[in-house]
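Hi,

Here is the structure I promised to pass on. Have a look, and my notes follow below.

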Amino acid sequence: MWAKIGEFVKIRAEQIEADAIDGMVITGPTIQSARTGQRWVGDASGIRIFNADNEVRTQLSPDGSAFKGEVEADTLVVNGGSELRSTENKLAQGAKLTLEAGVTDPTAPPTVQPYWDSLEFEISRPYTNVDGLVGLAYDGTHYWSAHKDDHGTGGRMARIFAVRIDPQTGVGEYVGGQLPTGKPRVAPWSSEVFGVTCIGSELFWLGRSYYDGVVWVTDLAGEFKRAFAYPELGYSATNPLKYKPGIGNNGTDVIIAQCADDGTLVTRTYNKTTGVRTIVRDMSPVGFNSDVLGVYVGAADWGGGTFITVAGSTRKLLTYSSAGVYDASKTFPMPDGSQDTGVVFQGGKFRTLNASGVIHEYADNNTGDASGDWWATYRWSVDADDDGFNDYTSRIGPVKKFTWPLRAKLRFMGAPLPDGVGYITPSIAKKATSPVRTDFRTPIFSVHAGESIALISILPTNWQSGAAPGDSNDFPDAEPSTLVSASSTFQVNGDGSGHWGPLTFNADGTMTGVPMQATGSTTIGVSAAAGNTANVTVTLPWGAFTTPPRIFLTKQGDTLAKYNPYAKSITTTSFTLGLYSGDSSSTTNSVSVAWHAIGGV
C-alpha cells in the first residue's frame, strides 16, 4: 500500500522504517542510535553510551550513574570517596579551600520538579484484550471510567465495561457487566466509547454504534435506563471521523464537545432526560484541532462565573468562558506531558485519569503560573526538640531558576543531609533578574524527615508577605572536617586544632608538645659587705606557661665575678630574681641580669 497521507488510531507492526518520525510521546522498551559500534542506548535500566569497542563510557541510571570524560561543574557534592591522581592538581588563583567545623550552608542548588498527587488503582480485567480506560466521572462517592474490549470482526466491534473506582482504597471493579445492558434499537455490540459523565444518580456514556453517535444512560449499578442519539458525530462510510467527541455536564444537562473537521471546537447541550439539543456554541478562537477527552462546566476555584474546561489530545486542559471565549490564564497542562482522559472537579481540585491506572490531582489555581521567572533555594534545618519549629537553621545555598506549570505542586531535592541536619527548608522568589536573599520567602511546605526532600503543595495568595530567610547560621559546632597525612603525623581540623609530629595545636589557639619560652633582662643593685643580697620580682608573659618553667640567668657586663644571680619562688606567672655579693667590698653596683624561662622540660 502506498499513500501520501494517512491517519490511523493505532498501527501495529513488527518493524517500521522511516526517514523521520515526529511524535509527542514515543514509548518503547529500547531506543538506540545504532545496533552495534559507537552508539547510545536507552531502555528501562537507563541511558548508556558505548564507544567503538563496545565499552560503556557513560551510564545514567536511577540506581547509579557512571561517567568517563571531562567535567565542568558549577557545583559539586561528592557523597562517596574521591581520588585525585594527577600531579597537576591545584587551587586556582584566588580560590579558597575551607575545612568546616560544623553544619555549613548548602553548597549546591536544589533540583526543582513539578509534580502532581495521584491515586493509583488496580482492576482485574475480564478479558486479556481489554484496551485502556476512557473517560472519568465522579458520583459523589466513587470515580467511574470505561474499558473497551477490542472484540469482533476486524476489530470494528467492541464491548464496553463500566469501571467503578474507590478513591479511598484504589480498588477498581467492573459493575453491571457489558454496557449498555438491554438497550433498545441499538446492536448489543457497541463500536467505541468516548467518555462518561455523572448527573445525580445517573451515568451518561458517550459512544458510537457503527456510524451512529449514542448516549447510553445507566444507574450506578450499571443497569440500562434509556438512550438518546448524538446525531452530530459526523461519521459515515464516506466521511471519516476526524475528531472524537467528549462528554461532561453543567449539573443539569449533558454537554458534548467536538471539533468540526476545520478544527473549530463546538459544544452542544442536551436535555439529560429527553436528549433534545438546546444550545449549540462555537468556541473561539478557531483552531482547537484535537480530540475531546473530557468536559467540565462550572466555577471550579476561579472565584465565580461559569467556565468550560475541555481536555484535549494536545495534553492540555483548555478553558473557555461561558460565552465560548478562550482564556489562556485558566488553561493548564496535563501532568508531565501525559495524555490523560476525562476531567472532573472534585474536593476542590481538578482531576484527570491516565489510562495506565492513575488519577491525577491538580493543585489550586494560585499554585504556579506557567512562567519561567521563579527561583528556588533551601537551607539546612533541624527540629531538635520535636516541637514543630526549627531550632537551628543555616543560611540559604545557591539559587536555581525554574518554570512553574500552572496547577502543579513542587518537589525540592537538595544535597544529602549533613550530620546534625533533620531536613531542608525551601524558599522561593519570583523575579525577572537574579534574586538576593531578601527576595526569597518560605511558603507553607512539608518535608520528609531524614531526607533532603521538601514539598510545596499550595501557594497562598499572600505568600510574599512572609519574612525572608535569615542571614546567620546558628547550628552549633559539630565534628570538624579533617585533612590528614597517610602516616597520620600531620593533621589539620576544621576547628583550628591539629598536630604536626609532637607539636599539637589546640582550637583555642594554644599549643603543646614543644618547650614554651620567654626571655628578658632586669637590672638589680646590691651593696655592703660580703653575703649581702638583693631581690626583684620578674613577671612572665601571660598565658605562656601552664607549669612553672626552668629559669636560666646570665650576668651582663665586666668585673662582675663576685655577683651571683639566682631564681626562687617560681610560678607560671612570675619568679623572684636574687643577686648575692660574694666578697667584703662595700661598693654599690647595679648589675644587669638576662633571664631565659623554658617551660615543658
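In which loop is E232 found? E232 sits in the loop between strand 15 (224–230) and strand 16 (246–249), with strands being DSSP runs of E of at least two residues, numbered from the N terminus. Before going on, some ground rules: this is a predicted model, where local features need pLDDT of at least 70 and side-chain atom pairs count only at pLDDT 80 or more, while totals for chains, interfaces and linings use all residues. Residues are numbered from 1 along each chain as its sequence is written, and side-chain values use heavy atoms, leaving out hydrogens and water.

Back to E232: it counts as buried because its relative accessibility is 19% (buried means under 20% relative accessible area, with a 1.4 Å probe and protein chains only). Its side chain makes a polar contact with the side chain of R277 at 2.5 Å, and another of 2.6 Å joins it to the side chain of Y270. A polar contact is a pair of N or O atoms within 3.5 Å; within protein, one must be able to donate a hydrogen and the other to accept it, and residues adjacent in sequence count only if both atoms are side-chain atoms.

There's also an open antiparallel sheet of 3 strands, in the order 40-43-42 (strands pair if DSSP finds at least two bridges between them). Strand 40 (533–539) and strand 42 (563–568) are at the edges with a single partner strand each, so one side of each has no neighbour in the sheet. Strand 42 and strand 43 (residues 574–581) run antiparallel, joined by 6 bridges; P565 has L579 in strand 43 as its bridge partner.

Cheers

How values were computed: Helices (H or I, at least four residues) and strands (E, at least two) are DSSP runs, numbered from the N terminus. Buried means under 20% relative accessible area, exposed over 50%, partly exposed in between (1.4 Å probe, protein chains only).
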